[in-house]
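The following note sets out some points for a colleague who is new to reading protein models. Please keep the structure open while going through them.

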Amino acid sequence: MKPAPFTYHRARDIDDATRLLSRLTDDGGDPRVLAGGQSLVAMMNYRLARPGHLIDIGRLTTLRGLRTGEDGALHIGALTTHHAVETAPDAVLAPGFTVLRDAMRWVGHLPIRTRGTVGGSLAHADATAEWCLLAVLLDAVIVAQGPAGVRRIEAGDFFHGHYTTALGPDELLTEVVFPRPAPRAALTEFAPRHGDFATVSAAVDLDVAGVGRTVRGGRVALGGVAATPVRVPAAEAVLARGGTAGPELASAVARAAAGAVDPPADAAGDAEYRRGLARTLVERAVRQAVAR
């Protein structure tokens, strides 16, 4: 199919993009931002999305790149591609953020990773998307800019539901900030075919004492079990009790995670099937995180 008619605009800079968003929203034009286009264009071709205006920000080079701040936080520009993260050298992507690089192998296929963007994935807010899950797991901060200025939104407050976020209609997502390294984090997922949308995804971030194998706590997050990526406090409580980083602990965390969620049923599988996937994937993620 072909998309419904729309008017194309090319933004000159961030201020121009936000002015266009504000004006066209006030005029009832239903504008959408075009970044890599890997999600939006497909939805437009199926007429699942029918924006009246497209605002192309693809040439705003100031929104590309990765950098580490003086406080150790990792800043990723909204137009940075998945492939740029996947291939970033250690001098750019510190070893403590290796989980971000490793997670990119789950994102579609190479052509998608070379066009799709970090900011586009977060703004699209698919509940199984890797960037959304990582943002929730690692307490990322999403930076948005609009006519009223710059706003910082905690990842836990950013995702509101299916393809719905805290971004205002006149705001542009400009950057995502990961505030701290996560050297013992891992992400894994299951899809019917590699590159397909995940049925369920799981990620963990462990607090391991020194170079030993004693777990002192951690975080667990799941995608594909709710309308947004979710943290799983019941599984985190198991990690908080501590213990040796071995198969028994991984299994206990996985059981707690699977028992705490109430997944939806759809064409990809019923609730019990998704719980089984959650258990398997959490156990696998814990094992991978321990092995780092």
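This is a predicted model: local features need pLDDT of at least 70, side-chain atom pairs count only at pLDDT 80 or more; totals for chains, interfaces and linings use all residues.

1. Arg-151 and Glu-171 form a salt bridge, with 2.6 Å between the closest N and O atoms; the term salt bridge stands for a side-chain nitrogen of Lys or Arg within 4 Å of a carboxyl oxygen of Asp or Glu. Arg-151 belongs to strand β7 (residues 149–154) and Glu-171 to the loop between β9 (164–165) and β10 (172–178), so the pair ties together parts that are 20 residues apart in sequence. Helices (H or I, at least four residues) and strands (E, at least two) are DSSP runs, numbered from the N terminus.

2. Residues are numbered from 1 along each chain as its sequence is written, and side-chain values use heavy atoms, with hydrogens and water left out.

3. Buried means under 20% relative accessible area, exposed over 50%, and partly exposed in between (1.4 Å probe, protein chains only).

4. A second salt bridge joins Arg-219 to Asp-139, the closest N and O atoms being 2.8 Å apart. This pair links distant parts of the chain, 80 residues apart: Arg-219 is in strand β13 (residues 214–223), and Asp-139 is in the loop between α7 (130–137) and β6 (141–146). Asp-139 is partly exposed, with a relative accessible area of 29%. Through shared partners, salt bridges join Asp-139, Arg-219, Arg-231 and Glu-236 into one network. The count of salt bridges comes to 17.

5. Arg-32 and Asp-30 also form a salt bridge, with the closest N and O atoms 3.7 Å apart. Arg-32 has a relative accessible area of 32% and is partly exposed; Asp-30, at 36%, likewise counts as partly exposed.

6. Both of these residues touch Pro-51, as do Pro-5, Phe-6 and Met-44, when residues up to four places away in sequence are not counted. Contact means heavy atoms within 4.5 Å. Pro-51 lies in the loop between α2 (40–45) and β3 (53–56), and at 2% relative accessibility it counts as buried. From Pro-51 to Pro-3 the C-alpha distance is 9.3 Å, although 48 residues separate them in sequence.

7. Gly-156 is a residue of helix α8 (residues 155–158) and is exposed, at 66% relative accessible area.

8. Some overall values complete the note. The protein has 11 helices and 15 strands. Its radius of gyration is 19 Å, close to the 19 Å that the globule rule gives for 292 residues, so it is as compact as a globular protein of that length. The radius is taken over C-alpha atoms, and the globule rule is 2.2 Å times the number of residues to the power 0.38. The C-alpha trace spans about 60 × 45 × 35 Å along its principal axes, and 54% of the 292 residues are buried. Of the contacts with a separation of 6 or more, 61% are between residues 24 or more positions apart.
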